Amino acid sequence: MRRPQLDIQLKTPEQIVKMRAAGLVVAEALRRMREAVAPGVSTADLDAIAESTIRDAGAVPSFKGYHGFPASICSSVNEQVVHAIPASGQLLRDGDLISIDCGAVLDGWHGDSAITVGVGDVDPALLKMAAVAEDAMWAGIAAAARGAANGRGRLTDISSAVEKAVRRGGRYGIVDGYGGHGIGTEMHQDPHVLNHGRPGKGPRLVAGMALAIEPMITMGSPRTAELSDGWTVVTRDGSMAAHVEHTMALLPDGVWVLTAEDGGRARLGDLVTARQPADSPTA
Ligand code: MG
Ligand code: MG
């Protein structure tokens with residue numbers, strides 16, 4: 001049986017520069033929300049920070065109105081995995097673990113990124129889970145960079161690297177049914193990027209690809225359920241979950257992590273492109 005043809009949008013360096021500008025808007029919104037996270041702060045307060053940061057930068061919150069989603073962020077607390085809706089009545093409590101997912105579109109190009117942050121005094125085991133999710137995301141990005149550089153990379157090299165990093169980190173559930181995605185003139189494009197699987201399959205990793213890499217892991221089972229609001233995804237077993245995400249682009253000489261303020265340099269070193277074209281938020 002023939003596989004359905006994937007529609008992968010390859011970007012020019014100039015278009016990637018535009019995506020960088022969008023990515024930096026998302027990075028700033030997430031930085032400001034990270035600073036604001038504290039017991040007593042509501043998830044709607046965080047949403048307001050995101051929306052004002054994005055609009056002040058001349059961008060538009062891409063989540064707002066997306067298939068009817070009512071807010072600029074997804075704020076997924078504790079056993080909520082992804083897609084939870086912020087609410088003024090939902091106050092963060094000491095010991096919570098929150099995933100904040102945020103997207104912006106600027107000049108027609110998208111950025112999409114998520115962080116997982118502890119609230120106040122958090123169980124170190126939860127912070128470790130969040131760190132493992134982050135390590136897995138960077139491992140996936142590094143695998144993409146290496147695969148593009150040596151010309152032999154395939155999409156599921158990313159999936160395999162994410163899974164291996166999670167397994168190295170401990171006994172976590174890798175959430176099934178959700179994953180990363182292509183991104184560009186729409187927030188969600190082909191290809192879907194699984195967070196687990198064997199390497200060496202799928203489309204070749206080539207310069208011009210832009211992907212959002214987003215591991216989601218749990219302290220327990222990988223199984224999830226969607227709440228009756230039609231959005232919020234929770235773990236079925238009630239275990240705590242973590243979710244992190246960056247948007248990255250492959251360039252001829254390396255990767256550029258568009259939603260990381262340093263482009264990924266601190267975590268990836270020389271895998272990051274040496275020539276970040278016009279790397280400034282005003283470019
Ligand atoms: Mg996202
Ligand atoms: Mg995403």
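Reader: Hi! Is Asp112 buried or exposed?
Author: Asp112 is buried, at a relative accessible area of 2%. Buried means under 20% relative accessible area, exposed over 50% and partly exposed in between, with a 1.4 Å probe and protein chains only. This is a predicted model, where local features need pLDDT of at least 70 and side-chain atom pairs count only at pLDDT 80 or more, while totals for chains, interfaces and linings use all residues. Residues are numbered from 1 along each chain as its sequence is written, chains are lettered from A and ligands numbered from 1 in the order in which they are written, and side-chain values use heavy atoms, with hydrogens and water left out.

Reader: Where do Asp101 and Asp112 lie?
Author: Asp101 is in strand β4 (residues 97-106) and Asp112 in strand β5 (residues 109-118), so the pair ties together parts that are 11 residues apart in sequence. Strands (E, at least two residues) and helices (H or I, at least four) are DSSP runs, numbered from the N terminus. Asp101 counts as buried too, at 6% relative accessibility.

Reader: Switching to records: where does UniProt place the "binding site" feature?
Author: The unreviewed UniProt entry places it at Asp112, His181, Glu214 and Glu245. UniProt positions are given in the numbering used here, feature names are shortened, and annotations may be inferred rather than shown by experiment.

Reader: Why do you say they gather at one spot?
Author: They span 134 residues in sequence, yet no two of their C-alpha atoms are more than 10.6 Å apart, so they gather at one spot.

Reader: Tell me about Glu214! What does it touch?
Author: Leaving out residues up to four places away in sequence, Glu214 touches several residues, including Asp101, Asp112, His181 and Glu245. Contact means heavy atoms within 4.5 Å. The side chains of Glu214 and His181 are also joined by a polar contact of 3.0 Å. That term stands for a pair of N or O atoms within 3.5 Å; within protein, one must be able to donate a hydrogen and the other to accept it, and residues adjacent in sequence count only if both atoms are side-chain atoms.

Reader: And where are Glu214 and Glu245?
Author: Glu214 sits in the loop between β9 (210-213) and β10 (216-218), and Glu245 in the loop between β13 (241-243) and β14 (246-251). Glu214 counts as buried at 6% relative accessibility, and Glu245 counts as buried at 0%.

Reader: New topic: how many disulfides does the structure hold?
Author: It holds zero disulfides, a disulfide being a pair of cysteine sulfur atoms within 2.5 Å. Cys74 is in none, and its nearest cysteine sulfur, that of Cys102, is 9.3 Å away. Cys74 is buried, with a relative accessible area of 4%.
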